[in-house]
Amino acid sequence: MQIIYKKNLVDSVGLRITEIRIASPHIARKALPGEFVVLMVNKEGERIPLTIVNADKQNGIITLIFQEAGFSTVLLGKMAVGDSLYALAGPLGHPTEIKIYGRVILVGGGVGIAEIYPVAAALKQKGNRVITILGSRTKDILILEKELKAVSDELYVATDDGSYGIKGFTTDV
């Protein structure tokens, strides 16, 4: 449950989105797209549910992406490489049903983009045609575009301010 990697994906005025990788062989080995973990930063902290963005089964590492929005996620953001979480449970939830659908469209916005990445990768690997639509307030806070482009047949971006892609919302695409 030790943090082995940390990177700020977005560090803008009033918005911080961070990626961490945690050594957790048991969770990594069993995790499926669409599942999540619940973690506690410390004994007094609240339980935080976070989607498993990637599970490296061979190396026993899970990747989580979170936005610092409340007290506990701010505490999590202050943790450093080498620090250990107080508690980590998972994988939890129901995995997304991955089968051949033919063509699928995945839509994600903001930090929610992290939730569609593992599903997009699994659907593509299964042989589907994957179309991904991403939304963000501005280009500067768009996450995982490169990763999703690698597993998508088509990728579209909408920004509220028009700084990248089309100006508007994902529904406009």
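**Figure 1. Lysine 99 is partly exposed, with a relative accessibility of 39%.** The model shown here, as in every view, is predicted. Burial means under 20% and exposure means over 50%, so a residue in between counts as partly exposed. Side chains of opposite charge can pair when their charged atoms come close.

**Figure 2. Aspartate 153 and lysine 124 form a salt bridge.** Their closest N and O atoms lie 2.6 Å apart. Aspartate 153 sits in the loop between α4 and β10 (154–159), and lysine 124 belongs to helix α3, so the pair ties together parts that are 29 residues apart in sequence. Look at the accessibility of each partner. Aspartate 153 has 34% relative accessibility and counts as partly exposed. Lysine 124, at 32%, is also partly exposed.

**Figure 3. Arginine 21 pairs with glutamate 19 in a salt bridge.** The closest N and O atoms are 2.9 Å apart. Is glutamate 19 buried or exposed? Its relative accessibility is 9%, so glutamate 19 counts as buried. Arginine 21 reaches 31% and counts as partly exposed.

**Figure 4. Asp11, Arg16 and Glu68 are linked in a network of salt bridges.** Three residues take part: Asp11, Arg16 and Glu68. In the model, the count of salt bridges comes to six.

**Figure 5. Helix α3 covers residues 113–126.** How far apart are the end C-alpha atoms of this helix? They are 20 Å apart. The helix has 14 residues, and at 1.5 Å a residue it should span 20 Å, so the two values agree. The buried residues of α3 include Ile113, Ile116, Tyr117, Val119 and Leu123. Ala114, Pro118, Ala120 and Ala122 are also among them. The buried residues pack against β6 (61–67), β8 (103–109), β9 and α4 (145–150). Just after α3 comes glycine 127, with a positive phi of about 110°.

**Figure 6. Serine 136 lies in strand β9.** The strand covers residues 129–136. Serine 136 has a relative accessibility of 6%, so it counts as buried. Which backbone atom does the side chain of serine 136 reach? It reaches the backbone oxygen of threonine 138, at 2.7 Å. Now set aside the neighbours within four places in sequence. Serine 136 is then in contact with Ile141, Leu142, Ala158, Thr159 and Asp160.

Conventions. Residues are numbered from 1 along each chain as its sequence is written. This is a predicted model: local features need pLDDT of at least 70, side-chain atom pairs count only at pLDDT 80 or more; totals for chains, interfaces and linings use all residues. Side-chain values use heavy atoms; hydrogens and water are left out. Helices (H or I, at least four residues) and strands (E, at least two) are DSSP runs, numbered from the N terminus. Buried means under 20% relative accessible area, exposed over 50%, partly exposed in between (1.4 Å probe, protein chains only). A polar contact is a pair of N or O atoms within 3.5 Å; within protein, one must be able to donate a hydrogen and the other to accept it, and residues adjacent in sequence count only if both atoms are side-chain atoms. Contact means heavy atoms within 4.5 Å. The expected span of a helix is 1.5 Å times one less than its number of residues. A salt bridge is a side-chain nitrogen of Lys or Arg within 4 Å of a carboxyl oxygen of Asp or Glu.
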